[in-house]
Amino acid sequence: MIPREVLERFGVEAGSVTVHRLGHGHIHDTYLVGGLAAPLVIQRISEIAFPEPDRLARNLERVTEALKESHARGRYPLEWPVPIPDDRGNTLVRAAGAAWRATRFIEGTYAIEQVDTPQRARRGARAFGQFCAALVPLDPTHIVELIPDFHDLERRLARLEQAVTDDTEGRVADAVAEIDFCRQQRFLIEPVRAAAEQVPRRVCHNDTKINNLLFDSDDHLPRAVVDLDTCMPGRWMHDFGDIVRTFCSPEAEDSTRLDRVRVRDDVFAAVSAGFVEPLSRHLTADERESLWLGACGIGLVIAVRFLTDHLEGDPYFGAAREGHNLDRARNQLALHRDLTARENELRPHLAG
């Protein structure tokens with residue numbers, strides 16, 4: 001739970017509020033503080049994932065200020081998690097042996113784990129496209145790359161190989177097929193890298209999962225893009241890739257019903273149209289061409305990361321059950337297989 005001294009730093013009297021765990025995020029410990037005129041979200045930042053929380057806080061201040069400016073100019077219709085300063089004016093609090101932050105809770109919203117209809121998919125992808133467009137004026141050199149080479153497939157495969165060599169948890173024997181398949185996908189390294197080198201660096205979200213989008217409880221339209229920690233210099237191809245991998249399957253990313261994990265054609269068409277629409281006046285020809293490789297590459301990158309985390313003892317994503325990250329890896333590899341096998345069927349949706 002949240003220590004009293006942390007609550008007090010944010011002007012909250014511990015005995016007068018309610019505190020509940022919030023969301024299903026893999027990384028931070030997130031709490032909803034109620035019983036206030038304006039409820040707060042308070043998080044304990046994972047310093048395993050973000051070992052430099054001070055720089056993270058500065059990134060968030062710059063990103064949210066850019067969103068505020070775009071909104072004021074009528075160029076961004078959505079809301080965003082507003083950082084709340086403590087009693088000393090800081091948006092990052094170090095207390096009780098950890099780093100903490102608070103944001104305004106966006107009331108009257110909900111998140112989902114799976115997309116139910118193509119219409120929802122298109123609207124959700126459009127919201128992420130609007131988010132990317134709103135950050136176009138923000139110079140990428142003004143944002144710290146907190147996790148260098150975050151989506152670099154070669155780097156992720158190299159770490160997987162190290163985890164296989166070390167086998168600290170004795171788990172390699174149960175994941176031989178998955179490890180071998182990931183090795184067979186090394187041929188994607190060069191085309192994905194070449195595509196990334198041909199497109200502009202942008203300030204991207206870098207984690208455009210469906211559950212990082214809040215929907216309005218009344219009209220069910222997108223209200224806010226959240227979880228801005230990974231907003232860093234990047235490429236739109238990667239943001240599109242994460243949309244594809246989390247919107248297009250009818251199954252959750254940790255589902256073990258692998259026979260049902262697939263790319264829904266109508267949802268892929270919807271996210272392709274929705275993401276591109278608000279970006280059309282910014283998107284270069286090379287960027288549009290890169291979107292397919294983004295879709296292929298990110299699903300594989302995430303699968304490799306899940307598999308590596310499993311072999312290393314689940315230090316990054318955590319695990320709610322034995323073999324949870326291995327299940328996630330198998331799920332994402334199944335989706336990757338389906339996507340790449342159906343290129344001739346799916347890729348034309350990106351032609352516009």
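The legends below describe close-up views of a predicted model. Local features were taken where pLDDT is at least 70 and side-chain atom pairs where pLDDT is 80 or more, while totals for chains, interfaces and linings use all residues. Residues are numbered from 1 along each chain as its sequence is written, and side-chain values rest on heavy atoms, with hydrogens and water left out.

**View 1. Helix H4 and the elements that cover its buried residues.** Helices (DSSP runs of H or I, at least four residues) and strands (runs of E, at least two) are numbered from the N terminus. H4 comprises the 14 residues 153–166 and reaches 20 Å from its first C-alpha to its last, close to the 20 Å expected at 1.5 Å a residue, where the expected span is 1.5 Å times one less than the number of residues. Leu 153, Arg 156, Leu 157, Leu 160, Ala 163 and Val 164 are buried in this helix, buried meaning under 20% relative accessible area, exposed over 50% and partly exposed in between, with a 1.4 Å probe and protein chains only. They lie on the same side of H4 because they cover an arc of only 115° around the axis, the arc being that of the directions from the helix axis to the C-beta atoms. An α-helix has 3.6 residues a turn, so residues three or four places apart point the same way. The cover over the buried residues of H4 includes helix H5 (176–184), helix H6 (189–197) and helix H9 (285–312). At the start of H4, a side-chain oxygen of Asp 152 comes to within 3.1 Å of the backbone nitrogen of Glu 154, whereas just after the helix Asp 167 takes a positive phi of about 45°.

**View 2. Strands S1, S2 and S3, with Gln 43 in S3.** Two strands are taken to pair if DSSP finds at least two bridges between them. Strand S1 (residues 18–21) and S2 run antiparallel and are joined by four bridges, with Val 33 of S2 as the bridge partner of Val 19. S2 and S3 also run antiparallel, joined by five bridges, and here Thr 30 has Gln 43 of S3 as its bridge partner. Five of the six residues of S2 (residues 29–34) are buried, so this strand is largely enclosed by the rest of the structure. The hairpin of S2 and S3 has five residues between the strands, and in it Gly 35 takes a positive phi near 80°.

**View 3. The surroundings of Gln 43.** Gln 43 belongs to strand S3 (residues 40–44) and counts as buried at 15% relative accessibility. Its side chain forms a polar contact of 2.8 Å with that of Thr 30 and another of 2.7 Å with that of Arg 101; a polar contact is a pair of N or O atoms within 3.5 Å, where within protein one must be able to donate a hydrogen and the other to accept it, and residues adjacent in sequence count only if both atoms are side-chain atoms. Residues up to four places away in sequence aside, Gln 43 touches His 28, Asp 29, Thr 30, Ala 99, Trp 100 and Arg 101, contact meaning heavy atoms within 4.5 Å.

**View 4. The largest nonpolar core.** A nonpolar core is a set of buried Ala, Val, Leu, Ile, Met, Phe, Trp, Tyr and Cys residues joined through side-chain atoms within 4.5 Å. Among the 65 residues of the largest one, Leu 67, Phe 240, Phe 247, Phe 268, Val 271, Phe 275 and Leu 339 touch the most other members. H3 supplies the largest share of this core, eight residues. Leaving aside neighbours within four places in sequence, the contacts of Phe 275 include Ala 125, Phe 128, Trp 236, Phe 240 and Leu 291. Apart from this core lies another, of 30 residues, among them Leu 188, Val 301, Ala 303 and Ala 329.

**View 5. His 336 and Thr 340 in helix H10.** His 336, in H10 (residues 324–341), is buried, with a relative accessible area of 3%. Beyond residues up to four places away in sequence, His 336 touches Phe 181, Gln 185, Leu 188, Cys 296 and Leu 300. Thr 340 of the helix H10 is partly exposed, with a relative accessible area of 32%. A polar atom of the Thr 340 side chain lies 3.3 Å from the backbone oxygen of Arg 337.
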